[in-house]
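Have the model open while you read.

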Amino acid sequence: MRTDGDGADPVDTRLGIRLAELRAEHGWSLGELAERSGVSRSTLSRAERAEISPTASLLNRLCAVYGRTMSQLLSEVEAEPSPVVRATDQPRWQDQASGFVRRSVSPPHSALRGELVEARLSPGADIAYDRPPVTGLEQHIWVLEGALDVTAQDTEHHLGTGDCLRMRVWGPTRFRSAAPEGVRYLLAVVRP
C-alpha cells in the first residue's frame with residue numbers, strides 16, 4: 001500500500017527486498033521467475049524495487065512458485081514474532097486495486113501449520129487466484145458479516161453470515177463480495 005505519491009510504504013519496501021532474496025536463493029533470473037509465475041519481468045522487477053504495491057493476485061502467484069502461504073511471506077518481512085499479537089499490532093495489508101484487506105490474526109511462526117486471517121472485501125470486490133499458494137492447502141472460511149461467493153474446483157458456494165466452508169485448494173479459486181455492504185470473514189489456513 002502506498003503512503004503517498006513520493007515513496008513506497010515500508011512494508012512494500014521490505015516485501016520487495018524479500019522477493020528479491022527469494023529469487024536469488026533459488027538462483028533464478030527475472031526471466032526464469034516470469035516463466036514460472038506467469039508474471040511479466042517488468043512487473044516482477046518493479047515489485048522487487050517497491051515501485052509498485054503488489055496485488056493479492058501477484059503475491060499469490062509468487063507464493064505458489066516459492067511454496068509459501070501469503071501469511072508466511074508477509075510474516076517474513078515483519079519483526080521476530082511473539083507468541084501473542086495484540087489486536088493493535090496485528091499486521092494489516094491492503095490490495096487497493098481489488099478492495100481486499102487482510103489482517104494476520106495469528107502470531108506468525110514458520111514451524112506452525114495453521115494460521116488465522118481476518119479478511120474484508122469491499123462491495124463488488126472480486127478476486128480470482130489462478131492457483132493455490134500451496135497445493136492441497138486446507139482453508140476454513142467463516143463469514144462474520146455480509147455474504148461471500150466462493151468458487152473452487154468449478155463449484156460455487158454462497159455463504160451468508162455465520163456460514164462456514166471447509167475446502168482443500170487444488171486449483172483456481174475465486175472470492176466475490178455478495179452483499180451491498182461488503183463482507184468480513186475469518187480464514188483459517190492449514191498447510192498440508
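Start with the open four-stranded sheet: its order is β4-β9-β6-β7, and the pairing is antiparallel. The edges are taken by β4 (126–129) and β7 (155–159), each with a single partner strand, so one side of each has no neighbour in the sheet. Strands here (E, at least two residues) are DSSP runs, numbered from the N terminus, and two of them pair if DSSP finds at least two bridges between them. Keep in mind that this is a predicted model: local features need pLDDT of at least 70, side-chain atom pairs count only at pLDDT 80 or more, and totals for chains, interfaces and linings use all residues. Residues are numbered from 1 along each chain as its sequence is written, and side-chain values use heavy atoms, with hydrogens and water left out.

**More on the four-stranded sheet**

- On average, neighbouring strands in the β4-β9-β6-β7 sheet are turned by 10 degrees against each other, direction ignored; axes are lines fitted to C-alpha atoms, and angles run from 0 to 180 degrees between N-to-C directions.
- Strands β6 (residues 148–152) and β9 (residues 173–177) run antiparallel and are joined by five bridges.
- V150 has F175 in β9 as its bridge partner.

**The six-stranded sheet**

- The order in this open sheet is β1-β2-β3-β10-β5-β8, again with antiparallel pairing.
- β1 (92–95) and β8 (164–169) sit at the edges with a single partner strand each, so one side of each is left without a neighbour in the sheet.
- Neighbouring strands of this sheet are turned by 25 degrees against each other on average, direction ignored.
- Eight bridges link β5 (residues 137–146) with β10 (residues 183–190), and the two strands run antiparallel.
- For I141, the bridge partner in β10 is L187.

**The chain as a whole**

- The chain has five helices and 10 strands, where helices are DSSP runs of H or I with at least four residues.
- Its radius of gyration (taken over C-alpha atoms) is 16 Å, close to the 16 Å from the globule rule (2.2 Å times the number of residues to the power 0.38) for 192 residues, so the chain is as compact as a globular protein of that length.
- The C-alpha trace spans about 45 × 35 × 35 Å along its principal axes.

**Burial and contacts**

- Of the 192 residues, 47% count as buried, meaning under 20% relative accessible area with a 1.4 Å probe, protein chains only.
- Among contacts (heavy atoms within 4.5 Å) between residues at least 6 apart in sequence, 65% join residues at least 24 apart.

Methods. Buried means under 20% relative accessible area, exposed over 50%, partly exposed in between (1.4 Å probe, protein chains only).
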